[in-house]
Amino acid sequence: MFRHRATSKIAAVAIVTILLGASAQAVQACTGIRLIAEDGTVVHARTLEFATDIHSELIMVPRGYARIGTTPDGKEGLKWTTKYASVGMNGVGLPILFDGLNEKGLAAGMFYFPTSAGYMPYTSGDAGKTIAQWEVASWILENFATVEEVKANIASVVVPAVVFAGWGFAPEAHYIVHDAAGKSIVIEYVGGKLNVYDNPLGVITNSPAFDWHMTNLRNFVNYSMTNAPPVHLGALTLLPTGQGSGMAGLPGDFTPPSRFVRAVAFSQSVFPSKTGRAAILQAFHILNQFDIPKGAAREQKDEHGNIPADYTLWTSASDLKTKQYFFRTHENSQIRMVDLMKMDIDGKGIVKISISGDEVIKSLTP
């Protein structure tokens with residue numbers, strides 16, 4: 001648990017209430033991509049979807065902040081003090097990052113991994129090296145500067161299935177990590193084992209496991225960034241109906257496999273941006289294709305008459321060169337930004353910034 005133990009317990013229960021209370025089968029359809037600009041800037045961008053508002057805030061965690069990991073049996077877990085400051089999004093008031101970047105240009109994001117996660121075994125003797133699954137991204141950002149450092153150290157922590165009080169099950173997650181040099185990995189716990197995959201395309205969605213998604217890409221080798229040529233059938237010539245024929249039949253639904261294929265197609269087919277700022281804007285344009293309107297991805301009506309429906313709560317993009325974190329929300333599509341290196345990264349406590357607010361529509365009527 002974190003420094004304020006009782007508060008963290010309440011917050012932890014609250015997050016499960018929000019994430020899973022409406023429907024244990026909720027889609028949680030997050031999508032992540034990576035872009036690299038011609039000037040070398042690496043951008044990590046993603047959407048976050050849930051069936052209800054998780055009241056995310058921007059938080060900045062300074063250097064020197066004391067942490068204590070959470071264990072399945074209530075013992076104190078791994079203790080660490082943040083080496084690097086980080087900034088990004090939390091949820092339901094928790095003092096951890098669901099998504100963010102640190103002062104060294106390392107980015108990490110937690111993504112839902114339903115029916116696939118199988119965490120590590122745990123004994124009470126492991127407590128001192130244990131963290132909960134929802135603490136992994138923050139632990140990475142607060143301790144490491146590069147993907148290679150993460151790969152060298154991730155096996156040193158035990159990540160078991162930590163069950164939230166009152167619900168009797170553990171949230172399922174996997175993780176993506178990018179660094180300022182453009183390296184990317186996916187971290188998953190499946191069948192009780194840690195799996196770390198190099199991620200050459202920088203894309204992530206949800207279940208199944210990452211290696212399945214990479215294999216599935218082979219089903220789409222016929223797709224092309226360029227339009228299909230005419231087909232000649234005897235005296236008949238068939239022309240494409242219009243632009244985009246090279247990717248005709250690209251899966252368009254909201255399932256994780258389809259989103260993974262589309263995320264690869266779009267992130268790999270766009271012209272490279274010249275600058276980091278242009279890549280940030282390009283990332284938001286790409287992720288427009290993954291924005292889920294409320295009601296378009298829904299569950300059956302539950303016993304209380306509610307219809308859980310995933311929708312895009314926020315979309316973010318991290319510039320790993322400037323250490324700036326950009327975002328927009330469901331209620332306000334204006335892109336906003338915080339600059340980590342202009343914040344008090346040696347401060348004494350976590351800084352929280354509200355992201356709430358409605359859309360501002362500017363009238364141009366003369």
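Biologist: Is Gly246 buried or exposed?
Modeller: Gly246 counts as buried, because its relative accessibility is 10%. Buried means under 20% relative accessible area, exposed over 50%, and partly exposed in between, with a 1.4 Å probe and protein chains only. Bear in mind that this is a predicted model: local features need pLDDT of at least 70, side-chain atom pairs count only at pLDDT 80 or more, and totals for chains, interfaces and linings use all residues. Residues are numbered from 1 along each chain as its sequence is written, and side-chain values use heavy atoms, with hydrogens and water left out.

Biologist: Where is Gly246 found?
Modeller: In the loop between β13 and α5. Helices (H or I, at least four residues) and strands (E, at least two) are DSSP runs, numbered from the N terminus.

Biologist: And what does Gly246 touch?
Modeller: Leaving out residues up to four places away in sequence, Gly246 touches Asn222, Tyr223, Ser224, Thr226, Asn227 and Ala228. Contact means heavy atoms within 4.5 Å. Pro229 is 17 residues from Gly246 along the chain, and their C-alpha atoms are separated by 8.6 Å.

Biologist: OK, on to α5. How many of its residues are buried?
Modeller: 11 of the 14, so α5 is largely enclosed by the rest of the structure. Among the buried ones are Pro256, Arg259, Phe260, Arg262 and Phe266.

Biologist: What do they pack against?
Modeller: The buried residues of α5 pack against β1 (32-36), α4 (210-216) and α6 (276-288).

Biologist: Which span should α5 have, at 1.5 Å a residue?
Modeller: Helix α5 covers residues 256-269 and should span 20 Å. The expected span is 1.5 Å times one less than the number of residues. The end C-alpha atoms of α5 are 20 Å apart, which agrees.

Biologist: Switching to salt bridges. How many does a search of the whole structure find?
Modeller: 10 salt bridges. Each one is a side-chain nitrogen of Lys or Arg within 4 Å of a carboxyl oxygen of Asp or Glu.

Biologist: What does Arg63 meet?
Modeller: Glu103, for one: their side chains form a salt bridge at 2.6 Å, N to O. That pair links distant parts of the chain, 40 residues apart. Glu103 sits in the loop between β7 and β8 (107-112), and Arg63 in the loop between β3 and β4 (66-70). Glu103 counts as buried because its relative accessibility is 9%. Arg63 is partly exposed, with a relative accessible area of 30%.

Biologist: And the other partner?
Modeller: Arg63 also meets Asp346 in a salt bridge, 3.2 Å from N to O. Asp346 lies in the loop between β17 (336-339) and β18 (351-354), so this pair ties together parts that are 283 residues apart in sequence.

Biologist: What about Glu142? Which residue does it form a salt bridge with?
Modeller: Arg67, with the closest N and O atoms 2.6 Å apart. Glu142 is in helix α2 (residues 136-143) and Arg67 in strand β4, 75 residues apart. Both Glu142 and Arg67 are buried.

Biologist: Strands next. What does β6 pair with?
Modeller: 4 bridges join β6 (residues 86-89) to β3 (residues 57-61), and the two run antiparallel. Another 4 bridges join β6 to β7 (residues 99-102), also antiparallel. Two strands pair if DSSP finds at least two bridges between them.

Biologist: Which residues are bridge partners there?
Modeller: Leu58 is partnered by Met89 in β6, and Gly88 by Gly100 in β7.

Biologist: Now the surface. Which residues form a nonpolar patch?
Modeller: Val231, Leu233, Leu236 and Leu238, with about 350 Å² of accessible area together. The elements giving two or more residues to the patch are β12 (231-233) and β13 (236-238). Patches are made of residues with over 30% relative accessible area and no salt bridge; like charges are joined within 9 Å, and nonpolar side chains (Val, Leu, Ile, Met, Phe, Trp, Tyr) within 5 Å. Areas come from the Shrake-Rupley method with a 1.4 Å probe, and for residues only the protein chains shown count as cover.

Biologist: Why does Val231 count as partly exposed?
Modeller: Because its relative accessibility is 43%.
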